[in-house]
Amino acid sequence: MRILAIETSCDETAIAILQGTGNDIAIEVSLVRSQIDIHAAYGGVIPEVAAREHLEMISSMLARTARADGEGIDAIAVTAGPGLAPALRVGVEVAKTLAWAWKKPLIPVCHLEGHIYASWISSKPPQFPVLALIVSGGHTELVLMHDHGNFERLGETLDDAAGEAFDKVAKMFGLPYPGGPAIAALAERGDSKVFHFPRPMLDRDDAMFSFSGLKTAVLYELRKNDARIHDETFRSNIAASFQEAIVETLVEKTMRAAGKLAPKSIVLAGGVAANTVLRDRLKEAGEHRGIPVYVPALQHTLDNAAMIAVAGYYRAQHGENAVDPLTLVVNPNQDI
Ligand code: KG4
Ligand code: ZN
């Protein structure tokens, strides 16, 4: 079965083609066009600007990916939510039109489910039950995946997502959007023991997160040291200490959930999964408990359509989920 997948939920226009037979899947094409340089000027993603850029790019990307008559494509998968409504609408309307014109099944995919499925792109698929930690710009969630298409949300953030906290701290430093990679680079040169920032929600025996207080603690520390804000050592130490607080909290909460639920594998998903310290620390913790940890290849951690194709493929395999191509609507607040 060959799936064409489209992803436009935020600031990446992405199209992919997957060829699959049973558990053998191959990504034949994966195009990603990032708009980061455009949004960086505004300090964040502007939904209407994102939609305009998706519109400008999507036809030519499609033309490079599929034949005009849809020959060779068996189904179309598209991100229907969560995400920015105007941005989502571009991908969804294109997918609806193609499904209608080509008379192919249309499979809406949840963006978060897509992030989890990025770990199926590696050679050996994770074993169920899978405990997934989703850490992106908009979400921080722990999810227990019992089987394909069977997700149980264990907990989420009460306020800021982990990626959002990285982005906001970067802004305090005057660093461009998205701040995660910039903070991670600064942290590499810093000492994470110089400042002790709170490890939010570690006192609670559940899978809930909260990163807004941590962000405020960083803000207070910066205000207290106003004169040193341009001092590289000071900046690096703050970045390293902040990153350490986030990583320790995420890893500790994930391992506590693993201790209770005994999953066969752990999957790290979402844009913050590009963070090297988080990747290494979660792998180490999993090894310690004897649970394999799957971390997607770097190009599959940030938004892409290959992960949407995999999620759509498994939805198609399990016989459900094709929808009427004329009535599908986006769901900006969709949950897993
Ligand atoms: O999954 P994603 O591409 O978009 C959403 O679905 O939100 O995630 C983007 C988020 C941004 O907040 C960005 O700052 C963060 O991922 N990010 C990182 C790193 N690379 C990207 N955060 C920490 N360390 C990184 N290396
Ligand atoms: Zn994402």
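**Ground rules.** I number residues from 1 along each chain as its sequence is written, and I letter chains from A and number ligands from 1 in the order in which they are written. The model is predicted, with local features needing pLDDT of at least 70, side-chain atom pairs counting only at pLDDT 80 or more, and totals for chains, interfaces and linings using all residues; side-chain values use heavy atoms, with hydrogens and water left out.

**Entry on the cores.** I looked up the nonpolar cores (sets of buried Ala, Val, Leu, Ile, Met, Phe, Trp, Tyr and Cys residues joined through side-chain atoms within 4.5 Å). Buried stands for under 20% relative accessible area, exposed for over 50%, and partly exposed for what is in between, with a 1.4 Å probe and protein chains only. The largest core holds 46 residues, and Phe197, Phe242, Ile246 and Leu250 have the most contacts inside it. Helix α8 (232-261) is among the elements that each supply at least two residues of this core, as are β6 (130-135) and β9 (265-269). The largest share, 13 residues, comes from α8. I take helices (H or I, at least four residues) and strands (E, at least two) as DSSP runs, numbered from the N terminus.

I then checked Ile246 for contacts (heavy atoms within 4.5 Å). Leaving aside residues up to four places away in sequence, Ile246 touches Ala162, Ala165, Phe166, Phe211 and Leu214. Another core, of 33 residues, lies apart from the largest one and includes Ile3, Cys110, Ala305 and Tyr313.

**Entry on the zinc.** Which residues coordinate the zinc ion (ligand 2)? I found His111 (NE2), His115 (NE2) and Asp303 (OD), at 2.0 to 2.1 Å. Donors are N, O and S atoms within 2.8 Å of the metal (3.2 Å for Na, K and Ca), and sites may look incomplete because water is not among the atoms. The donor spacing in sequence is H-x3-H-x187-D. His111 sits in helix α4 (residues 111-117) and Asp303 in the loop between β10 (293-294) and α10 (306-317), 192 residues apart. His111 is buried at 7% relative accessible area, and Asp303 is buried at 14%.

**Entry on the backbone.** Most residues other than glycine have a negative phi, and most peptide bonds are trans. I noted a cis peptide bond from Phe128 to Pro129, with omega near -5°; Pro129 is in the loop between α4 and β6. Met201, in the loop between α6 and α7, has a positive phi near 70° and is buried at 13% relative accessibility. Ala262 has a positive phi of about 45° and is exposed at 57%.
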